[in-house]
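My notes follow in the order I looked things up.

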Amino acid sequence: MNDSMRRAAAILLVILGGAALWWAGSRAAASASANDAMVATIAAARERAAANDPRLKPASRFEQGGWIYVHLEGNPGAMGYQHGYLLAPEIEDGFAAVSAGMMHSTQRDWEFFRKAAHEMLWPKIDAEYQQELQGIVEGLRARTGSKLDVYDIVAFNAFEELPDYYVPWLNKQQKTANAPSLKSPGNCSAFVATGSWTKDGQIVMAHNNWTNYRNGERWRIVFDIAPKNGYRMLMDGFPGVIASDDDFGINSDGLMVTETTITQFEGWDPSGKAEFVRARKALQYAGSIDEYTKIMLDGNNGGYANDWLLGDRKTGEIAQLELGLKAYKLWRTKDGVLAGSNWARDPKVLKEDAPQFDPNNKESSPNARRARWNELLNDNKGKIDVALAEKMLGDHADTAQKKEEANERTLCGHVDGSPRGVKEWDWQPYYPGGAVQGKATDAAMTKEMRIMARMGHPCGGDFLAKPFLAAHPEQAWQEPYLRDMKAGPWTEFRSGQASKE
Ligand SMILES: [Zn+2]
């Protein structure tokens with residue numbers, strides 16, 4: 001071969017090589033798009049098959065007033081399937097936001113929480129709730145092809161107890177170096193009143209949920225649950241979680257349940273039963289204050305330790321169950337009012353379970369709100385009804401400064417507006433948290449299984465994520481999850497509601 005022939009051959013080779021590459025490339029693109037089309041076809045077929053699943057038949061979903069109402073009915077596995085299927089997009093979204101928060105605050109990876117769920121919590125979960133949790137996974141997978149498994153869902157259900165109760169206990173046990181400061185949450189303002197305190201002499205109960213806005217904006221489910229065994233329940237809740245968890249619920253035997261969390265609680269029993277399981281079981285099976293107390297005490301693990309505020313519409317009696325781990329106390333009355341704003345009051349519970357809490361600091365959020373509840377409830381003795389309770393949940397009187405100002409000390413909390421934050425909960429100045437929604441009901445409404453609920457700050461104020469994040473770059477990690485939280489109207493929901501009515 002001469003030089004020119006060699007050059008021509010080389011050029012030809014380059015051209016052929018290029019053509020071969022182009023051909024292979026276009027084949028790959030064609031097969032990738034064929035693959036995408038196949039995946040989409042399979043997903044559509046899966047959704048069709050899942051939608052026709054007979055387990056979905058009694059279930060339903062509609063949206064109103066910023067809330068998503070779901071009706072679940074049947075045996076535990078079927079109710080789980082309905083829950084997972086009907087709330088699949090909200091569960092995926094809620095899981096992403098909640099798990100990011102759990103990992104961020106504890107500096108532990110997700111595998112750590114899965115392991116805790118699998119080894120510590122799962123073996124002690126009653127069979128019916130294991131089936132319900134398993135059902136959630138099945139419904140979720142059927143709808144979206146989700147990769148989440150039952151241990152993801154169990155760890156997620158325990159989002160109030162694993163990061164802020166188990167992890168600090170474990171860090172102490174293991175003397176973890178540079179352990180992050182973790183404090184039990186201080187969620188909520190609530191009261192239950194009866195007898196001469198209320199307008200009709202019967203029970204009135206109200207609650208607003210305090211949490212970070214990231215999770216709180218997602219706490220917008222109304223669950224109407226008709227289980228095969230136990231009582232019918234109506235409660236607010238979080239997508240993918242089997243207990244109300246903030247907590248506000250009523251059952252068809254007339255039990256009325258809410259709570260506020262004990263500030264600066266310390267302790268955990270790894271051999272106990274998860275709080276979310278006990279709380280769900282108590283609402284489902286307790287027909288009296290005594291039965292409620294018994295179920296909550298059975299396997300008490302110390303997780304998400306609350307001052308439970310209870311009412312029994314059959315007897316008109318109300319109660320407060322201050323449920324520590326080493327100590328607990330039950331108060332009950334047929335003529336009185338019991339309020340909560342995240343303080344323990346029994347000397348033994350304070351000493352043994354919340355030793356860091358200072359009940360005398362009038363400037364702290366729990367104590368300032370305690371003073372405000374006292375004023376407000378005493379001023380309205382004999383006049384308390386649901387309409388008034390709704391107003392109280394949106395109250396902005398700061399007893400420490402003696403002025404109207406929405407901040408961390410007001411019954412309707414706005415910590416994002418406070419230069420102080422809440423140090424007892426490790427909420428930094430301007431922490432994006434506070435009251436995220438409110439609920440109220442009374443004995444007559446409970447008899448008909450009805451509640452009032454308002455999404456967003458109970459005062460009606462909006463939280464806007466974008467300007468907040470621009471002003472507070474220290475919260476930038478929340479950016480993918482933090483959304484606007486706009487207040488909806490007070491809206492009535494009742495058991496068996498079919499759609500917007
Ligand atoms: Zn407010």
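**Cysteines, then the metal**

I started with cysteine 188: its sulfur is 12 Å from the closest cysteine sulfur, in cysteine 412, which is too far for a bond. My cut-off for a disulfide is a pair of cysteine sulfur atoms within 2.5 Å. By that rule I count zero disulfides.

Before going on, I note that this is a predicted model, where local features need pLDDT of at least 70, side-chain atom pairs count only at pLDDT 80 or more, and totals for chains, interfaces and linings use all residues. Residues are numbered from 1 along each chain as its sequence is written, and side-chain values use heavy atoms, with hydrogens and water left out.

Next I checked burial (buried is under 20% relative accessible area, exposed over 50%, partly exposed in between, with a 1.4 Å probe and protein chains only). Cysteine 188 is buried at 0% relative accessibility. Cysteine 412 is buried too, with a relative accessible area of 0%. Cysteine 459 is partly exposed at 29%.

Which protein atoms are the donors of the zinc ion? I find His396 (NE2), Cys412 (SG), His414 (NE2) and Cys459 (SG), lying 2.0 to 2.3 Å from the zinc ion. Donors here are N, O and S atoms within 2.8 Å of the metal (3.2 Å for Na, K and Ca); water is not among the atoms, so sites may look incomplete.

The angles the four donor atoms subtend run from 103 to 117 degrees, so the arrangement is tetrahedral; for four donors that label needs all angles between 85 and 135 degrees. The ideal tetrahedral angle is 109.5 degrees.

Cysteine 412 sits in the loop between β14 (403-404) and β15 (433-442), and cysteine 459 in the loop between β16 (450-455) and α15 (465-471), so the pair ties together parts 47 residues apart in sequence.

**Whole chain**

I count 15 helices and 17 strands in the protein, taken as DSSP runs (helices H or I, at least four residues; strands E, at least two) and numbered from the N terminus. Of its 501 residues, 58% count as buried.

I also looked at the extent: the C-alpha trace spans about 110 × 50 × 45 Å along its principal axes.

Methods. Four donors count as tetrahedral if all angles lie between 85 and 135 degrees; four count as square planar and six as octahedral if opposite donors are over 155 degrees apart and all others between 65 and 115; anything else is irregular.
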